[in-house]
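Hello,

Here is the structure I promised to pass on to you. My notes on it follow below, with the cut-offs given as they come up.

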Amino acid sequence: MQKLPALNRMFITSAWLQSIIYGVNCVLFGVCIYASFFRKRKTHWIIPLSCFYHFAIATVHNIISLVYALQGLTNPAIISVPDGSTLYFARVTALSITMLGLYLFNILVLDLLLIWRLYMVWDRNLILPIIMLILEAGHFSTAITAWAIVIRFSDITPKSVTVLKACFTFNLVLTICLTFGIAYRLWRAGKDTLGMTGYNAYKPAIHTIIQCGGIYTASIVVVYALVFSKSSAAVMAEIVGIQFATLTPLLLIANLSLGATHGQRNETSDIAEPTFAQPVQANISEEIHIHPDDAMDPLPTRSNQSFPIYDDTVKKDIS
């Protein structure tokens, strides 16, 4: 008789990892709330809303995981049967379906948040966001279809694997395009202002974008690699994956709101006048918008600007 995979142990391990990452998310959520509501700098309303949404999804998922664990590991009707816990975790239940749904919609909102950031950084250019939305539509539709097949047949069938391959392709291409699309725009802006400022004002923001995008991409690769290999651990992968999908936006907002801004201010505090346009990382969590005249042109071109004058009274009018 074929030995059943130890899904009960896999679930305990996944729940343990989920709790660790959820603890990190709690700290990041507090930082994001402080940056959004307790600082003088104005914050775009999408930022705190996305923080509340992702953290709420992660919290609800954590609670459901606890209920799921209590049901599968302590219910006398289940544990009295040989390998009862393993058989319970292998079945499709209302709790497992709910957790999968939370995972999918958490990723959906994360992708939409990144698309919005891309839209703002590229000066509200609609071409790139429309392309990204098309990719997101393909990703989400194939994800829903694949999970529906798995739920319907209570197994990873060849048809579901084929759909998941398309879903994986959409999601990976979308994440890479969004990450490097935002990073490239900031890099180009920093390169154009390098001659005026003497330093790359956007370097901390670029590092943060690539770092968060790398964490999210790595979690996607691990989850779908388990699915493609038909590993039993794939059943439990989403338990940890949803916490990484929450960690990414919270870490991005926290770093850009406090960490990168604080580091850049320390780096440039002793630089003499003239001053230039405020670096993107100082307000990327508010509107993530680069004005083409401020960030992209090497020299001031607007009619109401002139070369820097070092008189204190005139300098106030210019700034």
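Arg124 sits in the loop between helix H5 (94-121) and H6, where helices (H or I, at least four residues) and strands (E, at least two) are DSSP runs, numbered from the N terminus. Its phi is near 60°, a positive value in a residue other than glycine. Arg124 counts as partly exposed because its relative accessible area is 37%; buried means under 20% relative accessible area, exposed over 50%, and partly exposed in between (1.4 Å probe, protein chains only). Asp83 also has a positive phi, near 55°, and is not a glycine. Asp83 belongs to the loop between helix H3 (76-79) and helix H4 (84-90).

Before going further, please note that this is a predicted model: local features need pLDDT of at least 70, side-chain atom pairs count only at pLDDT 80 or more, and totals for chains, interfaces and linings use all residues. Residues are numbered from 1 along each chain as its sequence is written, and side-chain values use heavy atoms, with hydrogens and water left out.

On the overall fold, the protein chain has 12 helices and 0 strands. Of its 319 residues, 47% count as buried.

The search of the whole structure gives 1 cavity of 30 Å³ or more, and the largest cavity holds about 90 Å³ of space. A cavity here is a set of points, on a 1 Å grid over the protein atoms alone, where a 1.4 Å probe fits but cannot get out; lining residues have an atom within 4 Å of a point. Grid points are joined across faces, edges and corners, and the volume is the space filled by probe spheres set on the points. Helix H7 (158-197), helix H8 (203-228) and helix H9 (234-268) are the elements that give two or more residues to this lining. Among the lining residues are Leu114, Thr175, Ile182, Cys212, Tyr216 and Leu252. The lining divides into 7 nonpolar, 4 polar and no charged residues, with Ala, Val, Leu, Ile, Met, Phe, Trp, Tyr, Cys and Pro counted as nonpolar, Asp, Glu, Lys and Arg as charged, and the others, Gly among them, as polar.

What about the surface? Tyr34, Phe37, Phe38 and Phe52 make a nonpolar patch of about 470 Å². Patches take residues with over 30% relative accessible area and no salt bridge, joining nonpolar side chains (Val, Leu, Ile, Met, Phe, Trp, Tyr) within 5 Å and like charges within 9 Å. A salt bridge is a side-chain nitrogen of Lys or Arg within 4 Å of a carboxyl oxygen of Asp or Glu. Areas come from the Shrake-Rupley method with a 1.4 Å probe, and for residues only the protein chains shown count as cover. Phe37, one of the patch residues, is in helix H1 (residues 7-37) and is partly exposed at 47% relative accessible area.

Gly30 is in helix H1 too, and is partly exposed at 38% relative accessibility. Its C-alpha atom is 9.5 Å from that of Leu250, 220 residues apart along the chain.

Lastly, Thr157 lies in the loop between helix H6 (127-153) and H7. Thr157 is buried, since its relative accessible area is 17%, and its C-alpha is 9.6 Å from that of Ala146, 11 residues apart in sequence.

Best wishes

Key: 1 Å grid on protein atoms, 1.4 Å probe; cavity = no way out; pocket = protein on both sides within 12 Å on 5 of 7 lines; lining within 4 Å.
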